[in-house]
Amino acid sequence: QNYLKLLEKSKNIYDLAFCKLAHQPFHKLSTMIKQIPFLLKFRSYESVYKFTSRYLGNEKLRRAFSIQPLLVGGNPFDTTCIYSLIHYLERAHGVYFAMGGTGNLVKALSKLMVEIGVKITLNTTIEKFILKNKKVNSIIDHAGKVRKADIFISNLDPLHLYKKIIYKNNNFSLKYKKKYARHSMGLFVLFFGTKKKFNKIKHHTIIFGKEYFELLEKIFRKYELPKDISIYLHRPTATDASFAPKGCDSFYALVPVPNLISKSICWQKEANEFKNHVLKVLEKRLMPGLQKEIVQDFYMTPLDFKENYLSDKGAGFSLAPFFTQSAWFRFHNKSEVLKNLFLVGAGTHPGAGLPGVLSSARVLESLL
Ligand SMILES: Cc1cc2nc3c(=O)[nH]c(=O)nc-3n(C[C@H](O)[C@H](O)[C@H](O)COP(=O)(O)OP(=O)(O)OC[C@H]3O[C@@H](n4cnc5c(N)ncnc54)[C@H](O)[C@@H]3O)c2cc1C
C-alpha cells in the first residue's frame, strides 16, 4: 500500500514535471516563478531519498527506490524529489533498448537527416566562436576551417562551452552558474566480452555494496575512490544476440566514482587496479569464474570523458540535477548572452539522460 502511494505521488510529479514542463523553455524567470506553487506542493526542496523514505520504511527498499538520480548524475540524498518522476516514467513506459545499441539510433537519425539534405561533418572539434554584436558570427574548428551561419546550436557540455570557448562577454547569470557549478559524478565504465554465456544474468542488474550513504558521500563530497562499490551491469546479449559471437557474451559495468575535482585519485596509476577490483566484485557477487572467461576488455575513466568528450571535470552528466541547477537555474536553451546561440543536451534544461536530452531538442524546436 505504501508503495502504491509512492507510485501515485511519482505519477503526479511526472504528469506535471515531465509531461508539461520538460518540453517548455525555461529561460525566462517568469516561467519559473509561475511554477512556485507546484514546486512547493511537491516539496521540490526535499531529496529523492527523503521522498522515498516518506513511503518506505525498509532501508533496502529505500535504497532500491531512491537510486534513480544516479542515472542522471545526481546524489539521491541531494537531488530534488522532482526526479522521483523517473520511477513512474519507467513503470509507465517500460525500459527500452535499441536493437544494435544506441549507435543504431544515431545511424537511423543520421539517415533521416541526410534524406532531408542535412550535411553532417564528423571528427571535427570546434575550438573558437567568433562573436559580433552579441551574436555568434562564425565558428572555427581544430583545422582552422571557418563556418558561418544565421543560427548556431550546440550540444557541447555548457560548462566547457562557457569556460573554455565563450569565456568573455558572460553576464552575471553565466558567471554565477560557472562559479558555483556542482558537477555530476564521474563514471568508470568497464566493457568486457566473455567466451562463455552467463545466461542467468538479466539485461539490467544493479549490485549494491554494503554502504549507501557513505558511498555517496565518498563520491559526491569527499571525492575519494570507494572500495565498497555499487555497480550497474549491462548485458545487451540478453536482448540482442548481435552483441557477441555465438556462445559468447558482452557486458559493461558502470561504476559511479568521483569526478576530476578529486585531488586524491590518479587514474593513470589507479585505473587498472580499480578494473581488477570491479571484476573481483562481479566474480564474488554475481559471476563465478568470470575472470578466466574474459577475452577482451577496455575501460573509460573520468579522464576519458574529459579528454574525448570535453566534459568539464570529466563529469558523466554535466551539471548535477540539484534544484538550484534545474529549470531556470540550469544553462538555458537560448543562450544567456548570445542572440543566435541555442543549447541542447545534458547540461541544459531539462537535464541528462536520453529522455531529458531529447526533451531539450523539443524545447529548442519550440524556441526556433
Ligand atoms: C555509460 C553510459 C550509459 C548511459 N546509459 C543511458 C541509458 O541507458 N539511458 C539514458 O537515458 N541515458 C544514458 N546515459 C546518459 C546519456 O547517454 C547522456 O545523458 C546523453 O548522451 C547526453 O547527450 P548530450 O547530447 O548532452 O551529450 P553527448 O552524448 O556526450 O554528446 C556530446 C558530443 O559532443 C562532442 N563534443 C564535445 N565538445 C565538442 C567540440 N568542441 N566540438 C565538436 N564536438 C564536441 C562530444 O565528443 C560528444 O560526442 C548513459 C551515459 C553513459 C556515459
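**A short note on the ligand shell and the aromatic pairs**

1. The residues of the shell around the ligand divide into 14 nonpolar, six polar and no charged. Here Ala, Val, Leu, Ile, Met, Phe, Trp, Tyr, Cys and Pro count as nonpolar, Asp, Glu, Lys and Arg as charged, and the others, Gly among them, as polar.

2. A word on the basis of this note. This is a predicted model, in which local features need pLDDT of at least 70 and side-chain atom pairs count only at pLDDT 80 or more, while totals for chains, interfaces and linings use all residues. Residues are numbered from 1 along each chain as its sequence is written, and side-chain values use heavy atoms, with hydrogens and water left out.

3. Back to the ligand: 20 residues surround it, and the closest are Ile 126, Asn 155, Ala 346, Gly 353 and Leu 354. A residue is near a molecule if one of its heavy atoms lies within 4 Å of it.

4. A nitrogen atom of the ligand lies 2.8 Å from a backbone N or O atom of Ile 126. An oxygen atom of the ligand lies 2.8 Å from a backbone N or O atom of Gly 353, and an oxygen atom of the ligand is 2.7 Å from a polar backbone atom of Leu 354. Taken alone, the ligand exposes 990 Å², and the protein buries 64% of that (areas by the Shrake-Rupley method with a 1.4 Å probe).

5. Now to the rings. A search of the whole structure finds 26 aromatic pairs; rings of Phe, Tyr and Trp (its six-membered ring) pair if their centres lie within 6.5 Å, and planes under 30 degrees apart count as stacked, over 60 as edge-to-face and the rest as tilted. The rings of Tyr 3 and Phe 65 have centres 5.4 Å apart and planes at 50°, so this pair is tilted. Tyr 3 lies in helix α1 (residues 2-21) and Phe 65 in helix α5 (residues 59-66), so the pair ties together parts that are 62 residues apart in sequence. Helices are DSSP runs (H or I, at least four residues), numbered from the N terminus.

6. The rings of Phe 305 and Tyr 309 have centres 5.7 Å apart and planes at 70°, so that pair is edge-to-face. Phe 305 counts as buried at 11% relative accessibility, whereas Tyr 309, at 52%, counts as exposed (buried is under 20% relative accessible area, exposed over 50%, partly exposed in between; 1.4 Å probe, protein chains only).

Definitions and conventions
Helix = DSSP H or I, 4+ residues; strand = E, 2+ residues; numbered from the N terminus. Polar contact = N/O pair within 3.5 Å; in protein donor to acceptor, adjacent residues only side chain to side chain.
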